[in-house]
Amino acid sequence: MAGVAAGAIASVSGFGIGSLMTPLLAMHVGAKTAVAAVSVPHLIGTAIRFWRLRGHLDRAVLWRFGLTSAAGSLAGALLHTGAPSPAIAIILGALLVFAGASQLTGYAQRWRFHGAAAWIAGAASGLFGGLVGNQGGIRSAAMLGFDLPKDTFVATATAIALCVDAARMPVYLVAERHQVAAIWPLVLLATAGVVAGTLGGERLLTWIPERRFRQVVGVLILLLGLGTLLGARA
């Protein structure tokens, strides 16, 4: 059920698989193994979503923002293997709450990323996400700084997520390969749910009016930030 919900949310916002699946799985197998295990359904669900939305990709944003995001993610994933500090999760949660609230209040309309700012935003979002193993929310929050239509937003966020997966997944799986192999039925079940949710969630995106899309993403980012803060303090 969590996999279906995660896939559907990701089809609307460009993130959600890691945000929902990682905390759930971490209660059973620990945080580090959960991060590595969720990277499998995340990669498969993201690949399916990208293939179906590939015609809406903004290549300029992918180049300016996505490549540095992948590089930051690799650095964060390498640091993640050394036990991430709860302080990092608190900082990430606070940033997400700020980004989500700014989107809902209209303050975020002042944000526009151009030139070097786009490179810096990509690297920072990738680094934070790689550290905590959950970067979809912070990436989407940063991408709100680009004025993109909803289909282009999701397609480009999805393409960036694929670049990020390619950078971080080998690190996670090398470090946790035995632990992930030991829970392969859970990984398979999560993957099946994510695929079903991804395919079903496409209709949700078509139902959301263009003028309301950024507010919907803002609400999801705000909720993710609050959940991250609560989890970090638990």
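**Around V164**

Tutor: V164 is buried, because its relative accessible area of 1% falls below the 20% limit (buried is under 20%, exposed over 50%, partly exposed in between, with a 1.4 Å probe and protein chains only). Before going further, note that this is a predicted model, in which local features need pLDDT of at least 70 and side-chain atom pairs need 80 or more, while totals for chains, interfaces and linings use all residues. Residues are numbered from 1 along each chain as its sequence is written, and side-chain values use heavy atoms, without hydrogens or water.

V164 belongs to helix 8, which spans residues 150-182 (helices are DSSP runs of H or I with at least four residues, strands runs of E with at least two, numbered from the N terminus). Which residues does V164 touch, leaving aside its neighbours within four places in sequence? They are S69, A70, S73, Q135 and R139 (contact means heavy atoms within 4.5 Å). L74 belongs in the picture too: although L74 and V164 are 90 residues apart along the chain, their C-alpha atoms are separated by 7.6 Å.

Let's stay with helix 8 and look at F153, which lies in this helix. F153 pairs with F213 in an edge-to-face arrangement, with 5.4 Å from centre to centre and 75 degrees between the planes (ring centres of Phe, Tyr or Trp, the latter by its six-membered ring, within 6.5 Å; planes under 30 degrees apart are stacked, over 60 edge-to-face, the rest tilted). F213 sits in helix 10, residues 210-233, so this pair ties together parts that are 60 residues apart in sequence. Both F153 and F213 are buried.

How many aromatic pairs does the structure hold? There are 2. The other partners are F65 and F146, again edge-to-face, at 5.8 Å centre to centre and 85 degrees between the planes. F65 comes from helix 4 (residues 59-80), whereas F146 comes from the loop between helix 7 (136-143) and helix 8, so the pair ties together parts that are 81 residues apart in sequence. F65 counts as buried because its relative accessibility is 0%, and F146 is buried as well, with a relative accessible area of 5%.

For contrast, follow helix 10 to L223. Is L223 buried or exposed? With 52% relative accessibility, L223 counts as exposed. The C-alpha atoms of L223 and L96 are separated by 8.5 Å, though the two residues are 127 apart along the chain. An in-between case is L104, found in helix 5 (residues 86-105): its relative accessibility of 38% means that L104 counts as partly exposed.

Now step back to the whole chain. It has 10 helices and 0 strands, so reading from the N terminus on gives α-α-α-α-α-α-α-α-α-α. Of its 234 residues, 51% are buried, V164 being one of them. Among the contacts in the chain with a separation of 6 or more, 84% are between residues 24 or more positions apart.
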